[in-house]
Amino acid sequence: MTDNEHKQMHSRRRFIRNAGTLALAAPLIAHAAQGTGEGVTFAGGERPLVRFPKKRKLILVHSRPPHLETPFSIFNEGVITANDAFYVRYHLANLPTSIDLADYRLNIRGAVKKPLSLSLDELKSIVEQVEVVAVNQCSGNSRGYSSPRVFGAQLSHGAMGNARWMGVPLKAVLEKVGVLSDAKQVVFNGLDKPVQPTTPDFHKSLDIEHALSPEPLLAWGMNGEDLPFLNGYPLKLIVPGYFGTYWVKHLSDIVVLDHVYKGHDAYFMNKAYRIPDNDCMCVAPGTQADKTRPISTLPVRSFITSVMAGGQMPVNRRVELKGIAFDSGEGLKSVDVSIDGGRTWRAAKLSASLGRFSFQEWKLDISFKQIGRTALMVRASNRAGEIQPLKADWNPGGYRRHAVETTPVTII
Amino acid sequence: MQSTKTVRSILAFCLIFFTASSSSFAAPKQIILPPETAKLPKSELAGYQLATQKCMICHSVDYIFYQPPGMNQAQWTAEVAKMKHSYGAALSETDIKSIGAYLAVVYGTAEITDSEVLAASAISLAKADSKPQTQELLTSNGCMGCHAIDKKMLGPSFKDIAAKYKQELQAQNMLVTSMQKGGVGKWGEIPMPPMANLNAEQAKRLAAFILEQ
């Protein structure tokens with residue numbers, strides 16, 4: 001166990017202890033008044049909790065292809081999201097349900113000197129294995145809060161997770177095959193396929209400079225275990241700091257191109273997962289963007305995890321507020337908390353970091369002086385000068401929500 | 001004591017051996033996904049049967065349940081059009097209008113008595129009454145998205161279906177039932193949606209066509 005993990009364990013114990021002292025006035029830390037939608041409304045009623053292979057009960061977004069959201073209370077269990085609680089998102093319903101490592105190959109070809117076809121064991125021994133703790137957040141996380149609403153998965157805040165990924169750097173593998181000097185992009189494909197041939201396959205591309213940077217990883221390990229099947233077993237592309245759309249599951253093909261990827265199967269780069277091509281990556285609500293570009297890095301975000309919307313907290317007693325913050329790897333600068341709906345702010349304390357791409361825990365001891373309803377808010381900034389806006393902006397895809405979130409609570 | 005030690009080291013050796021080579025000898029990793037139970041709400045509108053048949057080719061209909069409330073007919077119709085234009089769904093322009101109207105009634109702001117809803121739904125009813133050729137039926141019902149005459153695609157080839165059932169007395173009726181009610185498990189885990197938009201005569205004609213292959 002690393003030092004950080006020790007600290008996490010320790011802080012978890014302390015949290016449990018604090019919760020114990022509060023238990024006298026039960027049910028002080030009440031569960032959210034809302035259901036699995038956490039305030040998001042749906043055309044056809046509440047989303048059920050469902051059980052899928054190797055997963056605890058998660059929120060159903062849709063069943064075929066599988067799409068499951070992590071209930072938000074799970075983010076209070078620690079900065080690492082457990083494998084069986086990690087969200088699941090597929091685009092195409094012709095997905096593999098059986099994978100035999102004896103047959104599995106990762107093919108690397110295209111504008112390279114020496115194409116390779118590797119078994120997982122061969123890939124594991126190609127260079128030294130590395131680890132990174134990184135957040136995978138869906139581009140549409142929190143889409144359900146878009147105003148006006150937009151079609152698409154109506155996610156609350158649970159389409160994200162933070163894990164320790166183990167694999168080899170993509171760069172090292174590309175160096176083995178020898179990328180040709182005119183290479184422009186690298187395309188990634190997994191074993192999931194469309195149901196109909198007229199539907200585009202799910203391919204994603206990275207610019208060659210990004211693919212050859214130290215960050216992207218070809219990972220088989222997640223929190224010390226094999227990847228769960230539904231998170232991309234046996235191999236997943238990890239793109240730290242980038243939205244989950246690039247993290248291709250069941251990765252089977254890497255193709256180096258001497259041009260920018262286009263065509264039918266470039267749909268998820270060239271038509272979908274695009275944001276307005278301007279500074280705010282936003283447009284006036286309800287309007288279209290003239291020009292768009294592929295979504296890329298994670299904006300700075302923060303959440304309160306120790307109390308859910310609709311929860312209750314005690315008056316005149318020391319309470320520890322706790323939560324998480326993250327960004328694209330620039331490094332968090334500050335996390336500020338307001339317990340009066342944004343009128344006043346106080347600095348929270350950041351716990352030790354598991355790395356610049358990880359969720360980072362924040363804590364603040366507080367004592368509520370008044371009973372009644374109030375709004376808790378948390379706001380993070382990073383070292384690149386980004387700060388969460390108080391008011392959410394809007395884009396047609398409902399992507400990249402990053403405004404300060406409000407947690408209404410009652411002080412009793 | 002010595003022998004215990006030896007046994008221990010043999011065990012340790014085996015453990016290391018199996019761990020080191022576990023990935024090459026391991027059985028295939030498999031998952032069984034929970035059965036798909038979501039069904040669209042029934043309606044007299046033509047779009048109900050069309051949606052049940054065509055949306056369910058590519059995705060479960062809970063995809064639709066959990067869209068935002070309060071969308072109007074134009075918005076729902078645009079979303080259905082996206083399924084054709086972006087995702088290549090086998091939908092005609094009249095299917096799109098009809099499904100859009102139905103979804104706007106059951107999940108949006110439209111009422112079943114709206115003239116726009118009736119207009120959008122009437123078009124495809126009129127079309128369903130005409131007598132399309134077998135080839136047209138295969139295309140308009142999206143059959144060829146999942147099946148081919150002589151090779152396995154997502155579903156079995158028509159030749160394989162013919163070979164499996166040809167000898168059975170009730171083969172044609174069986175295929176008619178499979179088409180009209182859908183099914184799963186006979187050929188694999190990906191379900192075939194019910195082709196509820198086919199009338200009995202059309203389904204019989206298609207079944208005969210398949211059995212001739």
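Colleague: What is the mean pLDDT of chain B?
Modeller: This is a predicted model. The mean pLDDT of chain B is 83. Of its residues, 84% reach 70 or more.

Colleague: Which elements of chain B have the lowest and the highest mean pLDDT?
Modeller: Helix H1 of chain B, residues 2-20, is lowest, with a mean of 50. Helix H5 of chain B, residues 73-85, is highest at 98. Over residues 13-23 of chain B the pLDDT is below 50. That stretch has 3 contacts in the model beyond near neighbours in sequence.

Colleague: And what are the ipTM and pTM?
Modeller: ipTM is 0.89 and pTM is 0.85.

Colleague: Switching to the interface. How many residues of chain B are in contact with chain A?
Modeller: 33 residues of chain B, against 37 residues of chain A. Elements giving two or more residues to the chain B side include helix H2 (22-25), strand S1 (29-30) and helix H9 (143-146) of chain B.

Colleague: Which element gives the most there?
Modeller: H4(B), with 3 residues. By class, the chain B side has 19 nonpolar, 9 polar and 5 charged residues.

Colleague: What does S1(B) pair with?
Modeller: Strand S5 of chain A, residues 98-99. The pairing is antiparallel, over 2 bridges. B:Gln30 is the bridge partner of A:Ser98.

Colleague: Now domains. Where do they fall in chain B?
Modeller: Domain 1 is 46-130 and domain 2 is 135-211. Their centres, taken over C-alpha atoms, are 24 Å apart. Each domain of chain B puts 10 residues into the contact.

Colleague: Which helix gives the largest share on the domain 1 side?
Modeller: Helix H3 of chain B, residues 46-58, with 7 residues. The domain 1 side divides into 5 nonpolar, 4 polar and 1 charged.

Technical notes:
Residues numbered from 1 in each chain as written. Chains lettered and ligands numbered in written order. Predicted model: local features only at pLDDT ≥ 70, side-chain atom pairs only at ≥ 80, totals over all residues. pLDDT = per-residue confidence, 0-100. Helix = DSSP H or I, 4+ residues; strand = E, 2+ residues; numbered from the N terminus. Contact = placed C-beta atoms within 7 Å. Domains from an automatic or database assignment. Nonpolar A, V, L, I, M, F, W, Y, C, P; charged D, E, K, R; others polar. Pairing = 2+ DSSP bridges.
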